[in-house]
Every structure is written in C-alpha cells, then in structure tokens.
Amino acid sequence: MENSRRKFIKQSAVFAAATYAGTMGMSAKSYGRIIGANDRVRVGVVGFSDRFKDTLLPCFLNHNKELNFDIVGLSDLWNYRRDLGIAHLKEKFGHYIKACRNNDELYATKDLDAVIISTADFQHALHTIEAVKANCDAYVEKPFAETMDDAKAAFKAVKASKQIVQIGSQRRSGENYINAAKFIQDGKFGPITAVDLVWNVNQPGRWRRPDLVAKLKEEDIDWKRFLLNRPNEAFDPRKYLEYRLFWPYSSGMPGQWMSHQIDTVHWFTNLKHPRSVVANGGIYTWKDGRRNWDSMVAVFDYGQPDTTDGFQVTFTSRMQNSVGDVGEVYYSNGGELNLITNKVSPKGGLREKEAAAMGLKANLLPEFDLSKSEIKAATGANMGGDGLTSGHMRNWMECVRSRKTPNAPVEAGYSHSIANIMTNAAVRTGAKAVFDEGRQEVIANGKVFKY
C-alpha cells in the first residue's frame, strides 16, 4: 500500500511538471532541470546556521526520502562552521557533501536545483537574487528584506524568473492559521476592530553567541563578502555571529519576530502594508553593547488608503519577562479569534444589555475550533523540528516538483518587509512612518528611510 502511494505521488509530480513544461514552452533540458537529475532534487545549503541545523534540516528530513530530495553542497563563509556543517550533513545523508567557501562555488555545482537560505537577516534578499539568477528554487528564511532597495531588487528578480521561492513564514502552512484565514475571509468574523501581537521572552542569551564569538578570527572568513551592500565597518565577530543585535545587519525584534505575526494580518485581510506605524521602546535591561532594542511597542494603522475605515494593530515585545508568551489575537465587535488557544469565541463581544442601551441587537460570535481539521500528514515531525515549519518545508518541496505557487510566495515576503521597514524607520527616527505607494518607499520625517 505504501509503495503504491509513493508511486502515485511520484507520477502526479511528474505529470504536473510535464504539464507546466508544456504550457510554458519549456525544452526537454529545462524540464529535466525542474524535476532534478534522475528524478532527484539536488539541494544546496546557504549558511550553516542554528536555524538550519536545529529546525530546517530536521523538517527537510521529515519529507526528503518520500519526495526524493537530497542535499549535495553547503556554503558558509566561516571555515569552522563550514567544517561542522559538512560533517553533520555527511552523518545525516551518508554521502559526500561539497564544501563551498562562498555562494559562487556553490552555484558552480553541476545540476543544483534548489537552495535553503538561512543566513544573516540583511542577506536574505540578496542571497535570493543569487539563487534565482542561478536558476535555483529557494526556501528563504524571513525577514525577506530589511531595506526597500533590497526588497524591490529581490522581488523583481524572483518575478522575472520561473523559480519557486518560499518565504519562511511558516504560519501560512499551519492548519489553524489556514482555518483562521478562511473564517475571516468568509465574513464569519465580521470587520476586524483590533489585533494584538505579542512576543515576550526572558532569555539573557537570546541572539548571543559568546563562545562562538571567541572562536572567530578575521582571517577565517571573508568579511567584505559578509557585508555585501552594507556600509563598510571594521571586522567585528559579534556583528557576524550576533547580527540580530546590530542594525543595519538586522532590525532585531521587528525582523525576527514581528515579521511572522504581521504576515498573518496581511494574509487574513488581503492588505499589503500598514497605512502608518509609530513605535517606542529602548534598551532597558541587556546593556551588552547591542544596537537593537530589548523592549518595544509598535502601533499600526491598517485599512484601505484614503478611507476612515480600518483597525489598529499593536506589536509588543520584551526580552526580560515572558508573561504573555507569544501569540496573536484578533478582535471584532462580536468576539475574538485567538491563535494562542486556537478558538473563536464571543469573549468581549457586544452583549444584549449593552446593545439595548443604544437600541441595537447583541452581536456575539459562535464558538469555533480553529484546529479541528488539522492535517497530520503535512506536519508529522518524525525527525524533529516544529510542526508548522515541517509542513511549510513540505509545501515548498511539493511546489518545487509541481511548480505550483507555494503557501508563502515572494509577495508575502515583500509585504512583511514593508511593515518591518516601516517599523524600523519609526524606531530609528522617532517619527510616524508611512509608505509611498507610488515610489514604493518608506517615509519618515519627510525623507526616504535607508539606514
């Protein structure tokens, strides 16, 4: 039975790819490249990061045998991590893995079909451009971009290609989030009145790598290649390894955490970006030389342009007390949609007594379980990793074969990048940030925000 199921999956994938090749007028050679040499998709790794090792790779291993994917090469600028990565991958796959000092060497690999990108935040967009120009599909960690110049360049490159790009916004592959999107988009929730996004931790070591920092020497990496298009700075091992603490290599909380949650707002509402953002916060507890805040609140105005209709979104995050944990709660006049409990309920909705005072009727939502139809096959974590990312990785792998649009296409990454950059602009300038639709630029204090 299992062999028959796998045969059906393989035949379906081949048929879908053949159909796509026919409709796009592709040659036999380009068709062969889509499905990989000998029906095997050959994947390269761009950056042996903790995120890749501890989550993306286990999630890849959940599905690679069934879908016939393999890892054949790894690129990392630091020889120490490169050697660790090669050894780790050889252990997992049982065969030779090509060690590459940089991405040029990786893309010189014969018949490379796809890459998994989990490098520093500011590098994601530029590494995506490299991938699609090398005719490789890509799974790209978020945030997609930290500046509008990078976001626009990467979006243009992806849209000009025929490559499958999945942004690492794994909530888009979670059944509870899919059910929430449908519930709201079907009109069952009513107009959104507010959204609370929360991401609180109490982890002094979050984003810190002191042991690794002590190991890194300038002669062991290509510092200029690491900087890419960022302003030149003297070598600093903390900025290489603890980049999430240092702008302009990362925006910190907005790029790392908020980008996940604000993406659900865009997805559920079909809005592309906020109308405006203001933010406040600071470095209150972890005074360790970082540039990025350890506590913040951002307030967003969402809605259609040039209208008074809309709703407010708040993102609150702190790194010195974990009360509130992580979650998203949506509110309407009739109740709440809670993605912490995965329940829709009438909590906070308009009750009969309060409605009657103004000659109105009660407006209370029915109870609804957002997790009731969870698809186990898409998220089963037999090798590790979390269920959301496992399902998201599988979706990308299936789309590499079928050439269908993945759950988090480049448009999703572009939109969360706008919100992320607007928030960072508000953080850095203290001004209200807005988005100029015509120029596709973030504006703060009347100026285009860059760094």
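Predicted model: local features only at pLDDT ≥ 70, side-chain atom pairs only at ≥ 80, totals over all residues.

Modeller: The chain holds 17 helices and 17 strands. Of its 451 residues, 55% count as buried. Among contacts between residues at least 6 apart in sequence, 72% join residues at least 24 apart.

Start at helix α7, residues 124–133. Is α7 enclosed or open? Of its 10 residues, 8 are buried, so α7 is largely enclosed by the rest of the structure. The buried ones are His 124, Ala 125, Leu 126, His 127, Thr 128, Ile 129, Ala 131 and Val 132. The cover over them includes strands β1 (41–46), β4 (114–117), β5 (137–140) and β6 (165–167), along with helices α6 (103–107) and α8. Just past the end of α7, Asn 135 takes a positive phi of about 60 degrees.

Take α8 next. The axes of α7 and α8 lie 9 Å apart, at an angle of about 20 degrees. An angle under 35 degrees counts as roughly parallel, so α7 and α8 are roughly parallel to each other. Their crossing is left-handed. From α7, the contact uses Ala 125, Leu 126, Thr 128, Ile 129 and Val 132. From α8, it uses Asp 150, Ala 153, Ala 154, Ala 157 and Val 158. By class, that contact has 8 nonpolar, 1 polar and 1 charged residues.

The loop between β5 and α8 holds Pro 143. A cis peptide bond joins Lys 142 to Pro 143, with omega about -5 degrees.

Now look at the other partner of α8. Helix α8 (residues 148–160) also packs with helix α17 (residues 410–429), at an angle of about 175 degrees and with axes 10 Å apart. Angles over 145 degrees count as roughly antiparallel, so α8 and α17 are roughly antiparallel to each other. On the α8 side, the contact is made by Met 148, Ala 151, Lys 152, Phe 155, Val 158 and Lys 159. On the α17 side are Val 410, Glu 411, Tyr 414, Ser 417, Ile 418 and Ile 421. By class, this contact has 8 nonpolar, 1 polar and 3 charged residues. Val 158 is in the α7 contact and also in the α17 contact.

Arg 403 is not a glycine, but its phi is positive, about 65 degrees. With 9% relative accessibility, Arg 403 counts as buried.

The open sheet has 11 strands with mixed pairing, in the order β14-β13-β12-β11-β7-β10-β9-β8-β15-β16-β17. At its edges stand β14 (368–369) and β17 (447–448); each has a single partner strand, so one side of each is left without a neighbour in the sheet. Inside the sheet, β7 (residues 192–200) and β10 (residues 311–318) run parallel, joined by 7 bridges. Leu 197 has Phe 315 of β10 as its bridge partner. Helix α17 packs on this sheet and touches β8 (276–282), β9, β15 (433–436) and β16 (441–444). Its direction makes about 50 degrees with that of β8.

Two of those strands, β8 and β9, pair antiparallel over 7 bridges. There, Ser 276 has Asp 301 of β9 as its bridge partner. Next, β9 and β10 run antiparallel, joined by 8 bridges. Here the bridge partner of Ala 298 is Phe 315 in β10. The axes of helix α9 (residues 175–185) and α13 come within 8 Å and cross at roughly 45 degrees. The two are therefore oblique to each other. The crossing is right-handed. In α9, Tyr 177, Ile 178, Ala 180, Ala 181, Ile 184 and Gln 185 meet Thr 264, Trp 267 and Phe 268 of α13. By class, that contact has 7 nonpolar, 2 polar and no charged residues. Pro 248 sits in the loop between α12 (237–241) and α13. The peptide bond from Trp 247 to Pro 248 is cis, with omega near 15 degrees.

Definitions and conventions: Residues numbered from 1 in each chain as written. Heavy atoms only, no water. Axes fitted to C-alpha atoms, helices over the stretch in contact; angles between N-to-C directions. Helix = DSSP H or I, 4+ residues; strand = E, 2+ residues; numbered from the N terminus. Parallel < 35°, antiparallel > 145°, perpendicular 65-115°, else oblique. Contact = heavy atoms within 4.5 Å. Nonpolar A, V, L, I, M, F, W, Y, C, P; charged D, E, K, R; others polar. Pairing = 2+ DSSP bridges. Left-handed = near helix turned anticlockwise from the far one by under 90°. Buried < 20%, exposed > 50% of the residue type's maximum accessible area, 1.4 Å probe, protein only.
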